[in-house]
Structure formats: structure tokens, C-alpha cells
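Here is a friendly walk through the side-chain contacts of one protein chain. Keep the viewer open while you read, and look up each pair as it comes along.

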Amino acid sequence: MVLRQRASAYAVFFALLITVWLAYKPGLAGGFLFDDFANLPSLGATGPIDNSAAFARYITSGIADPTGRPITVASFLLDAQDWPADPLPFKRTNLLLHLLNITLLAWLLFALGKRSGLVENHARNAAILGAALWGLHPLFVSTTLYIIQREAMLPATFTLAGIMLWLEGRDRIAKGQITLGTILALAGLGLGTILATLSKANGILLPFYVLLIEYLLLR
């Protein structure tokens with residue numbers, strides 16, 4: 001029975017990801033928009049990014065936030081190393097990132113549900129429902145298909161992953177695995193916060209989310 005429930009939940013979640021992909025697929029044919037033209041041309045401002053010096057100049061070219069958001073800036077190299085460029089790879093990467101964030105959110109909601117006392121099946125169903133409502137919300141259409149808004153997506157990725165690592169570390173410490181648990185918790189809080197903040201300044205809020213989860217759900 002339990003295995004059947006798990007298999008059904010995995011099938012529903014996979015169907016959710018397929019649905020999101022199909023819903024967004026028409027938008028992949030769109031072009032660059034607004035601030036894309038103010039930020040992305042730095043890919044070719046000093047010629048193709050094909051050596052370490054060009055790479056260093058590029059990732060320090062960001063003008064947003066005190067940090068310049070270097071991780072987000074570097075992520076655009078996955079899609080092009082020169083300018084002008086085709087918008088399709090950028091939008092496709094954004095959509096894949098959106099699917100990854102949906103998966104991380106579902107995983108986090110499931111983990112929090114179990115730790116809050118829900119039986120496993122109810123926690124799983126609630127997590128899938130929450131991830132579906134979030135992933136299919138029209139608000140994220142502009143975020144996902146507006147290329148430069150990857151700056152808003154990557155902090156969420158590192159924040160969700162950081163909270164998951166912290167939860168795992170917390171559990172390991174409770175089981176007596178102090179060293180491993182401490183490493184995981186510090187990696188989640190420390191490394192997660194650094195990566196999220198270097199993607200966009202609001203990533204610095206990760207420790208506050210952890211405090212809220214601890215105070216509201218896990219006390």
C-alpha cells in the first residue's frame with residue numbers, strides 16, 4: 001500500500017513537471033525584453049568569452065547590488081559566450097531552473113510536513129499540491145520567460161537547497177552524528193546564504209527563513 005502511494009505520488013509529480021513544461025513551451029519562442037538589452041550584451045562587450053581574462057572581466061561586469069550578482073551573471077554563460085545571441089537557450093535554461101525550484105519546494109514542503117507531525121502520505125500530497133500551486137501560478141510566467149529575471153530564480157534555488165541541508169544537518173545532530181550534522185547545517189546556512197546572496201541580495205534572508213521555520217514549526 002505504501003509503495004503504491006509513493007508510486008502514485010511520483011507519477012503525479014512527474015505529470016506536474018510535464019504540465020509546467022508544456023504550459024511554458026510556447027513562450028520559449030519569444031525574444032529578449034526590456035532589461036535583457038541592458039545586461040546581456042556584456043557577454044560580447046570585450047569580444048567572445050573564451051579565456052580566463054575575458055571570463056574575469058565578464059563576471060565582474062554586473063552593476064546590480066553591491067556584489068554585481070556574479071553567480072547569476074556567470075550562469076548566462078551556459079547559454080551564450082558572445083553577443084548577439086539566440087534567446088532560446090536562455091529561456092530554456094530559465095524554464096529548467098523553474099522546474100528545479102518546483103522540485104526543491106516540493107521536497108522541502110514534504111520534509112517540513114513530516115517534521116510537523118503529518119503522516120507521510122498526507123505530507124507528500126500536501127507538498128505536491130503546494131508545489132503545483134506555486135509552479136503553475138501566473139506570477140512566475142514573467143519571471144521565467146523574462147531572461148534577466150534569472151536573478152530572482154537562482155536565489156530561490158540556493159535558498160531552498162540551503163534550508164534542506166540545514167534540516168538534514170539538524171536531524172543528523174539529533175541522531176548523535178554531531179560532526180556530519182554540523183557540517184551539513186553550516187553548509188546549508190553558510191554556503192547557501194553566500195551563493196544565494198551572490199545571485200541577488202535578497203538571498204541574505206536565508207538564515208531568517210530558517211529561524212522562522214524553527215520558531216513556527218519545529219519548536
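## Aromatic pairs

Searching the whole of this predicted model turns up 6 aromatic pairs. One of them joins F32 and F37, whose ring centres are 6.1 Å apart with 70° between the planes, an edge-to-face arrangement. F32 is buried, at a relative accessible area of 15%.

A further pair brings F34 together with Y146: the centres are 6.1 Å apart and the planes stand at 75°, so this pair is edge-to-face. It links distant parts of the chain, since F34 sits in the loop between α1 and α2 (36-39) while Y146 sits in the loop between α7 and α8, 112 residues away. Elsewhere, you can pick out one aromatic cluster made of F32, F37, F76, W83 and F90.

## The largest nonpolar core

In soluble globular proteins, nonpolar side chains tend to be buried together. Here the largest nonpolar core has 16 residues, and the members that touch the most others are F13, L16, V20, Y24 and I102. Four helices each supply at least two residues to this core: α1, α5 (87-115), α6 and α7 (139-145). Which of them gives the most? That is α1, with 6 residues.

Leaving aside residues up to four places away in sequence, L16 touches I102, I128, A131, A132 and L136.

## Salt bridges between helices

Side chains of opposite charge can pair when their charged atoms come close. How many salt bridges does the structure hold? There are 7. Among them is the one between R6 and E120, with the closest N and O atoms 3.0 Å apart. R6 belongs to helix α1 (residues 2-24) and E120 to helix α6 (residues 120-135), so this bridge ties together parts that are 114 residues apart in sequence. Both ends are partly exposed: R6 has a relative accessible area of 30%, and E120 has 28%.

R170 and E214 form another bridge, the closest N and O atoms being 2.9 Å apart. Because R170 lies in helix α8 and E214 in helix α10 (residues 206-216), the pair ties together parts that are 44 residues apart in sequence. R170 counts as partly exposed at 27% relative accessibility, and E214 likewise at 26%. Salt bridges that share partners also join R6, E120 and R124 into one network.

R69 and E151 meet through their side chains in a salt bridge, at 2.5 Å from N to O. R69 lies in the loop between α3 (52-59) and α4 (70-75), and E151 in helix α8 (residues 150-174), so the pair ties together parts that are 82 residues apart in sequence.

Why do both partners count as buried? The cut-off for buried is under 20% relative accessible area. R69 has 10% relative accessibility, so R69 counts as buried. E151 has 12%, so E151 counts as buried too.

Conventions:
Residues are numbered from 1 along each chain as its sequence is written. This is a predicted model: local features need pLDDT of at least 70, side-chain atom pairs count only at pLDDT 80 or more; totals for chains, interfaces and linings use all residues. Side-chain values use heavy atoms; hydrogens and water are left out. A salt bridge is a side-chain nitrogen of Lys or Arg within 4 Å of a carboxyl oxygen of Asp or Glu. Buried means under 20% relative accessible area, exposed over 50%, partly exposed in between (1.4 Å probe, protein chains only). A nonpolar core is a set of buried Ala, Val, Leu, Ile, Met, Phe, Trp, Tyr and Cys residues joined through side-chain atoms within 4.5 Å. Contact means heavy atoms within 4.5 Å. Rings of Phe, Tyr and Trp (its six-membered ring) pair if their centres lie within 6.5 Å; planes under 30 degrees apart count as stacked, over 60 as edge-to-face and the rest as tilted.
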